[in-house]
Amino acid sequence: MTAISCRERPAPAGPAAASLAFAWRSLLKIKHVPEQLGDVIGIPVLFTLLFTYLFGGALAGSTHGYLQFLLPGTLALAVVFVTVYSGVTLNADLTTGAFDRFRSMPVWRPAPILGALIGDIGRYLLAGGLVVGLGLAMGYRPAGGPAGMLAAIAIVVLFASALSWAWITLGLVLRSPNAVMSIGFVILFPVTFMSNIFVNPATMPGWLRGISDVNPVSHLVTATRALMAGTATTPQVLWAVAAAAALIAVFAPLTALLYQRK
Amino acid sequence: MITAPSIIGDLAVETDGLVKTFGAARAVDGVNLTIPRGSLYGVLGPNGAGKTTTIRILATLLRPDGGTARVLGHDVVREAAAVRKLVSLTGQFASVDTDLTAEENLLLLARLLGHSRRRARRRAGELLAAFDLTGAARDQAARMSGGMRRKLDLAASIIVTPDLLFLDEPTTGLDPRSRSALWEIVRGIVADGTTVLLTTQYLDEADKLADRIAVIDHGRVIAAGTRGELKNSVGSAGIRIRLLDPAHRDRARDLIADHQIVVHDEPDPAVISARIPAQQRAETAGELAAHALGRLTGAGIGVSDFTLGQPSLDEVFLALTGRQATAAQPEQAQSAPAETKTIR
């Protein structure tokens with residue numbers, strides 16, 4: 001056998017370089033298994049078309065009119081649904097033993113998680129871009145113009161990245177990727193539907209309106225709508241940012257704790 | 001129990017009363033190991049004996065619940081970061097990323113270990129060539145055979161040559177050819193100066209590869225030493241005789257057996273083996289051989305083949321644990337409680 005030893009011991013990659021290496025890993029996975037983009041493409045397209053044409057006539061009298069109201073909500077809804085996969089992929093790495101190797105290496109410990117999250121942000125941008133692009137093709141004309149649309153996508157992606165931590169926590173606790181996916185969706189359905197995405201909460205019974213009003217998703221959608229319409233106020237944006245910050249404040253430390261214990 | 005002779009120089013692994021529990025099960029129940037640098041050390045034991053749990057503690061993946069462990073002079077809990085810089089782990093299940101190609105797997109790890117992009121590419125190429133994987137460099141790991149994936153896993157473990165390499169059941173589930181190929185690689189790694197700690201449930205693997213062996217059962221080390229020491233501990237060397245005519249076996253057995261010699265029929269109908277079960281010095285085997293051949297020649301029974309040797313590790317294991325070694329299924333998840341062992 002030829003010489004296989006390498007006594008050279010370079011300084012291991014720092015936190016940023018290690019995280020980027022893991023982000024590169026996520027991109028390679030997409031390159032080799034493009035099917036995993038199925039949800040990132042399918043969910044935005046399906047939600048945008050389905051809800052606009054299904055509810056438009058009944059809820060707003062016309063699909064065109066409803067689209068102007070619904071699209072910012074669809075944007076939030078589609079991107080938020082795609083976040084569950086952060087927990088699913090993490091859990092797959094844990095169950096296949098890939099993380100055992102990473103964790104026995106002299107690598108900054110959060111790097112695999114942060115790197116995967118960077119890769120996920122790419123997925124969120126793709127999902128968000130699809131919703132907005134499809135909406136524009138269907139006749140959506142936001143008053144806020146391109147700047148408003150970009151700002152809306154940015155705040156949705158920020159919120160989605162924050163919410164990812166919740167699924168990462170779940171991915172560390174549950175036993176299989178499938179369990180993460182099913183529990184994630186069971187949580188997401190009520191949380192997203194009991195909000196102002198589809199209808200004005202004023203039409204809801206009092207108890208439901210109460211839930212909708214404190215729902216972080218409602219805060220996100222309010223800010224997204226306002227940014228798209230070019231009427232955003234600082235408190236509207238701050239509420240959405242605060243909801244994202246709260247998610248990170250709860251789930252990032254919880255993830256760190258569980259990850260150390262694994 | 002046999003203790004290792006005094007060790008010169010520093011140790012690769014030193015554990016004292018290591019304990020790890022999963023619920024009520026004590027997966028590791030007071031493991032004491034002393035592993036010198038530069039050796040290939042085998043940890044032998046049946047499924048669920050605590051081998052994987054021990055390795056995971058030593059590789060800083062699990063915190064022990066009791067006892068201490070030092071790896072290359074560093075405490076695995078307090079100085080975990082220092083340990084990680086010096087060791088490498090090849091887990092029980094190939095831990096390569098099956099979505100990535102062979103080359104990308106190595107590149108990712110080389111970059112994490114701090115190699116420049118160019119150096120990483122060169123190192124990946126070197127290792128793929130050395131492990132005979134160049135042709136599969138651009139194949140997704142998912143499409144590689146189990147043996148190739150195992151080789152890739154090993155290559156990934158020595159991107160930067162570790163001082164200590166943990167190999168957790170490296171050949172479980174491999175065909176005989178892949179096994180011997182892997183053994184060759186492991187010998188090469190040891191020859192390069194890396195200490196290897198290998199767990200196995202295959203006695204022949206420990207016998208062929210390891211300089212020293214610890215036998216572990218129910219989370220405890222029940223014997224440790226060189227192969228020779230372990231084998232001597234269960235009795236003297238024995239002899240195996242192949243007769244020209246299988247019909248003479250019964251007579252041959254009666255001729256050789258006496259009050260202190262035990263004679264067995266082997267599965268082969270022309271073969272018998274004889275052993276003196278009590279603790280004996282090596283030269284007794286010669287006397288036994290002379291006695292047996294003398295009796296057979298005197299009675300005119302022809303012998304076609306004759307071997308004199310130490311007992312097999314199978315016999316060692318049987319003597320130590322009171323049951324046959326099991327060597328069929330891969331070890332269950334590392335959290336499997338020790339009592340799930342089956343007696344075969």
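Modeller: B:Glu169 is buried, because 23 other C-beta atoms lie within 10 Å and 20 or more are enough to count as buried. This is a predicted model, and the values here are computed from it. B:Glu169 sits in the loop that runs between β7 (164-168) and α6 of chain B. Its phi is positive, about 45 degrees, although the residue is not a glycine. As background, most residues other than glycine have a negative phi.

B:Thr60 is found in the loop between α1 (51-58) and β4 (66-71) of chain B. B:Thr60 counts as buried because it has 22 C-beta neighbours inside 10 Å.

The axes of helix α5 (residues 146-157) and helix α6 (residues 176-191) of chain B come within 10 Å and cross at roughly 10 degrees. α5(B) is therefore roughly parallel to α6(B). From α5(B), the residues B:Gly147, B:Arg150, B:Lys151 and B:Leu154 meet B:Ser178, B:Leu182 and B:Ile185 of α6(B). Sorted by class, this contact has three nonpolar, two polar and two charged residues.

Now the chain as a whole. Chain B has 344 residues, and buried residues make up 47% of them. Its secondary structure comes to 11 helices and 14 strands. Among contacts in chain B between residues at least 6 apart in sequence, 71% join residues at least 24 apart. The domain assignment gives domain 1 (11-232) and domain 2 (235-310) of chain B. The centres of these two domains, taken over C-alpha atoms, are separated by 41 Å.

B:Gly286 counts as exposed because it has 12 C-beta neighbours inside 10 Å. B:Gly286 and B:Gly238 are 48 residues apart in sequence, yet their C-alpha atoms are 9.1 Å apart in space.

Next comes the side that touches chain A. The contact takes 32 residues from chain B and 27 residues from chain A. On the side of chain B, the elements that give two or more residues are α2 (80-86), β6 (87-90), α3 (102-112) and α4 (117-130). The residues of that side divide into 16 nonpolar, eight polar and eight charged.

In soluble globular proteins, nonpolar side chains tend to be buried together. The largest nonpolar core here has 149 residues, of which A:Ala76, A:Val79, A:Val156, A:Phe159 and B:Leu106 touch the most other members. Helix α7 (residues 145-173) of chain A supplies the largest share of this core, 16 residues. Leaving aside neighbours within four places in sequence, A:Val156 is in contact with A:Leu75, A:Ala76, A:Val79, A:Gly128, A:Leu220 and A:Thr224. A second, separate core of 12 residues includes B:Ala252, B:Ala274, B:Ala285 and B:Leu296.

Notes
Residues are numbered from 1 along each chain as its sequence is written. Chains are lettered from A and ligands numbered from 1 in the order in which they are written. This is a predicted model: local features need pLDDT of at least 70, side-chain atom pairs count only at pLDDT 80 or more; totals for chains, interfaces and linings use all residues. Domain bounds come from an automatic or database domain assignment. Axes are lines fitted to C-alpha atoms, for helices over the stretch in contact, and angles run from 0 to 180 degrees between N-to-C directions. Helices (H or I, at least four residues) and strands (E, at least two) are DSSP runs, numbered from the N terminus. Angles under 35 degrees count as roughly parallel, over 145 as roughly antiparallel, 65 to 115 as roughly perpendicular and the rest as oblique. Two residues are in contact if their C-beta atoms, placed from the backbone, lie within 7 Å. Ala, Val, Leu, Ile, Met, Phe, Trp, Tyr, Cys and Pro count as nonpolar, Asp, Glu, Lys and Arg as charged, and the others, Gly among them, as polar. A nonpolar core is a set of buried Ala, Val, Leu, Ile, Met, Phe, Trp, Tyr and Cys residues joined through C-beta atoms within 7 Å.
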